[in-house]
Structure formats: C-alpha cells, structure tokens
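Please open the model in your viewer and keep the selection panel at hand. The tour below moves from one selection to the next and says what is found at each stop.

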Amino acid sequence: MAHRWGMAIDLDRCMGCEACVAACHAENNLPVSDPAQAAKGRAVHWIRVDRYYEGEFPEIRVKYMPVLCQQCDEAPCEPVCPVYATYHNPEGLNVQVYNRCVGTRYCGNNCPYSVRFFNWFEPKWTAPLELQHNPDVAIRPGGVMEKCTFCVQRIERVKLDAKAENRPVADGEVQPACVQSCPAEAMVFGDLNDPESKVSRLASSGRATRLLEELGAKPKVFYLQRGK
Amino acid sequence: MDRRNFFKIVSTASTGVLTGACGKKLDRYVPLLVAEREIVPGEEVWRPAACGECGAGCGVIVRVMEAERVVERQGDPVRERIATIKKIEGNPLDPVSGGRLCARGQAALQGLYNPDRLRGPLRRVGPKGKAEFAPTSWAEAIAVAAEKLEHVRAKDPSRILFLTGPQAGTRALTIARFLEALGAPPAVTFEISDFPIERKAADLVFGWKGLPVYDLANARYVLGVGADFLGGWASPVFYARQFGHFRQGRADLRGRLTQAESRMSITAQAADLWIPLPPGTEVLFTAAIAHLLLREKLARGPNGVPQQVVQAFEAFDVTRAVRACGVEERRLLRLARELGESERPLVMAGASVVQTNSLESVITAHYLNLLLGNVGKPGGVLPPAPEPIGGRPGFANALALLERTQFVFLDGANPAYTWPASTGVAQKLERVETLVSFAPFLDDSGAYADLLLPDHHMLEATAAIVPAVAPVAAVTLATQFVEPLYETRATEQVLTELAKKMELTFEPATPKNVLASALTEGQTWEEAVRQGGVWAAAGGVEAEQPKPRKTGTRRGEGPTAPALELSAPSFFGDTSQFPYYFHPYPSLQFGDGRAANLPWMQELPDPVSSAMWGLPVEIDPQNAARLGIRTGDLVRVESAHGRLEAPAYVHPAAIPGVISMAIGDGHRHFGRYASNRGANPLSILAPVWEKSTGALALGATRVRITRLASGRLIQFSVSDREQGPWGYR
C-alpha cells in the first residue's frame, strides 16, 4: 500500500522555541531576506510558530502553535494552478514543481494557512554562506512559489535505503528536519495508512484536532490540544 | 539521524567501515581531517562535534559533504574542493542534547560561514575604539604581543587580566596553565550567562559545586520561580527534552507546571498557570509557600532544614507576600497544597533576570525543596554531576580588576556590550595599555583591541568542553575534521607560541591528555572521538530512572547553612522620575547577545513579538494606552544612566509597570547582520550588582518611557495576518 504521510504536533509538549524553524532553514536552503524585504512581508519561513493570546492580564494565556503546510487532501492550492505546478503526489503530498511554476501566486492566495511563499527576487547568499547549502534540495529561482515539502528529500532517501536493504520503511524512520530537531519531541511524522504507526494512533486520539477543519481541506497535520 | 543509526555508524566505524546514511558503504576509516582527496562528491559523512554557542555544551553531530569555493591565487580565481559542514543536529549519544538541538545551536553554521569572520590577524592602526585595523602576519602579531606582555609581566604580572566566557573545558584549562606560567591572576568570567547566583545558592545550601540538575522529567508538579528554563537559561535543550516527557511522555500521567515569574517568558506561556510576580518579590512568594506548607503540615522533610530557617518560615507573615506579590492568600494556599500533596513536587528556581535579592530567592527555593523532601530523589533536585575535567573559570566582578590592568586578553567575553555603559567600560578598555582579542569576529570590545588574533570557529576546533548541566559526568568532545576556512589560529596554539617566545614553561591542555583520566574502563580515546564525548553512562535522561544520590547537604552544620534573609530588592532611579521597572532578559535566539550576527537568528521571529531584524521594547496595554504608544511606535527608554530608542511592542501579557526587552541587539561592531541594529538594553542599566556574587543586577534599574514618533517594527506574523500591511504573500 502506498504511504500517506502525515504529522502530529503535540501542543502540550510544544513551548514555542522555534528550533523547528531553524532546522527547516538549514535543511531546505531557505533564503534569508533583509530588513527592507522582511518589512514588506517577504521573509520566508516554511514553518512558523503562531501565537494566540487568550483572556486579559493577569488571567491571560499565550498559546503557541507551529504552522507549516498542512498537506491537505483536498488542497485549495491545487485546483487553482493554471500550469499544474502544484499537484497531489501518490503519497498525499502537495508537491510544488518549481520549474513548472510561472508565478501567478493563485495558490498562495487560495491557501487558508498562509504557508506558501513567493520568491520575489533571485535569492542571494553572501559568500561563503552558500557553503552551507544542502545539495539535496534545489535553490528556488526568483518568480516561483515555494513551501514546506515535508522534507520530501528525506522521505525519498529513507525509501531508497529501505529498498536497498529489501525491507519496508520502519515507523519513525522518516523524520523531516523540524521533527528531528524538536527538543520536546512535540512533532511526530509517519504513515497515516499504517494504523499501527505512532502518528496514526495520535491522530485518532481524543486530543487530535485539525487547523480550520471547517474549511474541509482535510489537512494531514494533526494538532494534539493541551491537556488540563 | 536518530540514536539507532548513529550508533550503527559509530560502532561499525570502529572496524574500519563507515556506513553512510544514504545506504552506500565507505570502505575506509574516516580520517580525523577530511582531506580534499578523501571527499566523495555527493557522499555525506556525519561527525561528532561540540556546540559552543552557549555554556550548555551540547554534543552535536554535523553533516560533512563536498563543496566548492573560489579562492584567489596570484590574482586569479581558483575553484577549490573542500569539505564543508551542511547541517548540525544533536548528538543522539549525548546525555544533554539527546539528538536534539535549539535554533541557536543549529545556526552555529552561520558563524562558521559568516562573511564577516576575521580572516587572519589584525593590528590596530587607528585610535582605540574606532575599529581601524590592518592585516599583519601571525609571526609579527605574536612577536608584538609577547613583547608587550613581557613588559607588563616583568613589572607586575598582577596587572594582566584574562576575561573569558563561562565554558569549562580544555580552553579554560589551557588559559589557566598559561596564566600560572606567567604568574598572573587566574582568568575571570563576568558574563551574564554564567549563572553565578544559581551556583552560589547551590553551594551555600547543599554544598554542591555546580548547577543543580532539576529532574523535571520525573517530577509530577513543578513550581518554577524566576528561571526561564525553557528559554535562555542554563541548558535549554536539556530541559526542553525533559519538559516534553514531563507533559506527555508518561502513560496516564501529565505533569503540571506553575510558573511564577515577572515576565511572560516562554516557560511561563508553556505553564498551566502563570503567576505574574512584581520584580524582586520571588523571595517573599517562595517564603509564603514554605510558611503555608508548614502550617498545613504538608512539609515532608522539615528535619532536613536548619532549625533557624524553619523558624523563620514559621514566623513569616503571609500578608507581606500577599501585599508585595499581589497574589491572594487563598491562591498561595492552593499552590502550597498542590505542591505539598503532589507525589513528586519540585521547585525549579533561578534568576533569569537577576535582582539585588536573587541569591536569597534561590536559597529560599532550595529550602523549600528540602521541606518537600525531594533533594537527591527522582523527580527532585539532583546534585550536579562531577566535572571530569576541571578548569571552570571563576566568576568575579571584573570591573575593579579592569581598572588597574595594563594587559587584557579577551576570549569569549564582550565587556563593551555586556557591561552597562554606566560602568565606564568603554573608557576603561580605552585606557588599557594592550588589549588582545581572540574572538573570531570583530565585536564591540574588539574595536578597542590592539591585536585581533582570531581563533578558529568551534566547528573547526579541537576541544573538550564540560556541559553546564548534565545528568551524568560528561565531557563533550570536538576534534578538527574540516580545514579551517581562513588563516585563523587556535588560541591554544597562540598561547603556546607566546609562551615559547617568552621562554615560559607551559603546555596547553589537549583533549587527549586531559581526557586520559576521565576515560572509564574499556573506553579508548579513539572511541571517545568517534562518539563525540565521554559520558559516565550514555543514555537519555528520560530513559533511565535516576538513582537517589546522597544529597551532601550541609544541613544542621551551623554556620555554613545560610540563614534565611528576606530582604526587599533595591531599584535604582527615582520613582517619580522613573516610574517603570526595566527588565532586560537573555533571549532564546541571541542569548546574551553573542548570536546576533547570525542571519537566521536575526530573521527568526522573536517568540514574544514575532519581531525580526530588531527587538522591541515590551510594554503592557494599560500604560501604552495612557502614553499613547502603539505597537511599532518608536519609543525612548531612559534611565538615570542612559537612554535607548527602539520600536514598541504592546504585549498583552506584560505586567503593568514592567518594561521588558530581550538582550541581543545594539552591537556597535559585530559584522553586517548585527552592527548598529536595534538597541542594547544592557547599556542603560545602573551599575548595580548582587552583593554576594558580584553578578550584574539586570532588573534593578528604573526607567521612564516616552513615545517619539511612529516607527517600524518588522513582524513575521501579526495578530491578524489578513489585515497586515500586505494583502498576501
């Protein structure tokens, strides 16, 4: 059976440290903008930590929530792409084909989670910062959209390893960079088609919810609510 | 890379075969230094290393791959293949990081490949403080330094001062040996990241040398007081890992955290309940809990507490705490009951923002732990693991020392940034006859240097470091495996050459020779190199049940056990002129400011305000409305000792009357990403110290705040993203 990759994020463990944000930058060669571009809303973070205030001081609570591409089953970004640059792959990922993208930004406009980013300019790195680039991930040119891929390069690598050793991919073997880095182990990644996988079990637990579920996009990222 | 795979690699490597994670086998032993001819394009090699970004000393593993760089040779650009580091992850074998790593640790890569790194030795050509330098050769630089050092040594070696960072290990040992050979006083650390208050309190109450280990993972009810242990405190990755387990790692058991702190820190927001305490009232709050615990007969170990302390707790007037802390008595009572009735209660105390009475507050919290009977027990306060190699630099207020010094070495310390301007640090550094900086970057203090002798980056170095907090005796080991990018030189080597020139008997401490004694039975040096450290028992903290250890307390020993003092904090600045408390705090992304030159950290949205490329002043909505301040407005914060200007962030969870600001910005010199960006909150502090340790009292200054103009705060996510200044991304 094909894989169906999904993620569970335990908000009871998460404390908003943003280790995932840095890990994503390192793994996926995200461009760093500058203050002028950042002020125009052009900074790129495939994963961000949203914060919500509830109540008034002193009875106030802050909630942090890591938000990345929700890899929706009924992804609103997909049907609006005129050139099929964003499509649904057989393992359930919303994949962005950079060299098909013509930069209409319709997908970003249609994404309810604001997790798609447009490269307004050719990304630049001041030498020798480019030495840190991960050779497994393409640098996106100017004029194309980009977003979280669930670290598809890591998924493919594990699948190749498993194939070479003639065995199935083990649960927990695939770890996107954010999941790998999380100090509180708040993030779990795995195959939703495997009912025994950790992510499947967490996704069907009583604490699991999905972000903006009422929109019907059927995200594959499950948030486990904070306990009492 | 997970624990299992890394184990596979290190264990097969010992037989001479290294398994790459992409499934191909490399039939060769990976040499210590990855030479150009050894690099296989597209092939990755994972090597253990040490993180030097803060004192936590996490063990890491790095992904080494081939890359190409262009260098100039005889005027022509030449392409050169080099081994480069692509990513840093936690070392799964390391008991501190356990395979995980914080944002700052991962961004260390950008220190290594930072375009502003010093590429070789420099000598000052302009006036001091103006940062005008010209390249020089290592031979010349060392000759000059040796001559000046010899001059001072011959007259009075006590006029030599070595200021270092807080990290213990081979570097600190080498420096200690060098100074001993010179006949100079030992090196001093005077950084806010050394946690002198926490160290001193543990020593006074328990007789422990080092930071106590809080067994958060196995506790059931935790009361945090003043320690932002998930943020920029002693060992963020270690405690974050434990926190995950504390919350959801045990079947049918969820740990509850109540955090009492004078700021909504990231620990406070992760807590189930936040008790906002006015600055400096932690000690009264803790004493009230202790009083109520005794009154309710919930104290389990009153015999472990010196009699005079129990009496002081019993005599404590709770209404004093109720008034000062603004917390109702029934609420305090509920907390005391929750603590006292919990099967495994724990009080995690510290001083993220030091006040003049912080030592008393941490001491009181330790007594509270003794009352709860959790010291040395699982889920309680555990003694620090013994440090297998010595050399932790001593903490001292170096201000007076600097006054009478002629020759200053700087390594891992940046006094021109971290000491308040009111101490006259700039003038003092200017007055120093010779100043030598080993920093890999030109920083605020380096601008006053006569010689910049750049050290290798930590990822290019060979070093053994001792983590600040570790569950077992631990040494993190880094051995050089990529060629240094530039003409930098290890400080150990520079000191050796200096000693040679001066004909001193001196030998630097190398990881190999200092670790010889720390290796346990059956362990070899080669194995330690492959694993990236030596640990008394390798394993995650969650995995093992810590055994109850001897507490080693000095209880009942009369004079050594400190009496309970419950003094009020002092604040500097006239209340009528300066009505607000100022609260600069070490931030998650910049720590004490030393990560501000990493572009990833500049663009990392601040966990509080989501600010990028410039940290804001945090003010509560009530006072902001009164003063007409809105988020993004440019405000001026003034103390009796200086002023700063920065954008405001109206923080819904700020305590009214407490103006907070993260430390990190406002460097005058620190490369293109940090220089002249934002404001340095430390610069306007009053020169006030916690009297017993000499630690800078970060929170003891009063300020006033005024709106100047509308300004700009760059935020990544604003509260209502759709209504932001842009329509969509």
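Two strands are taken as paired if DSSP finds at least two bridges between them, while helices (H or I, at least four residues) and strands (E, at least two) are DSSP runs, numbered from the N terminus. This is a predicted model, in which local features need pLDDT of at least 70 and side-chain atom pairs count only at pLDDT 80 or more, whereas totals for chains, interfaces and linings use all residues. Residues are numbered from 1 along each chain as its sequence is written, and chains are lettered from A and ligands numbered from 1 in the order in which they are written.

Begin with residues 463-466 and 474-478 of chain B, which are strands E21 and E22, running antiparallel and joined by 3 bridges. Within this pair, select B:Ala464, whose bridge partner in E22(B) is B:Leu477. Widening the selection shows an open sheet of 4 strands in chain B, with the order E9-E21-E22-E23 and antiparallel pairing. Strands E9 (168-169) and E23 (533-535) of chain B each have a single partner strand, so one side of each is left without a neighbour in the sheet.

Next, display chain B as a whole, with its 22 helices and 29 strands. Of its 729 residues, 62% are buried, a residue being buried if 20 or more other C-beta atoms, placed from the backbone, lie within 10 Å of its own, exposed if 12 or fewer, and partly exposed in between.

Now turn to the contact between the chains, where two residues are in contact if their C-beta atoms, placed from the backbone, lie within 7 Å. Chain B gives 59 residues and chain A gives 59 residues. On the chain B side, the elements giving two or more residues include strands E4 (59-73) and E5 (76-90) and helix H7 (236-248), and H7(B) supplies the largest share, 8 residues.

In chain A, select A:Val152, which lies in helix H4 (residues 152-164). A:Val152 counts as buried because it has 20 C-beta neighbours inside 10 Å.

Finally, colour by pLDDT, the predictor's confidence in each residue, from 0 to 100. Chain B averages 88, and 90% of its residues score at least 70. Over residues 538-559 of chain B, however, pLDDT stays under 50, and the model has 46 contacts beyond four places in sequence for this stretch. The model scores ipTM 0.95 and pTM 0.92.
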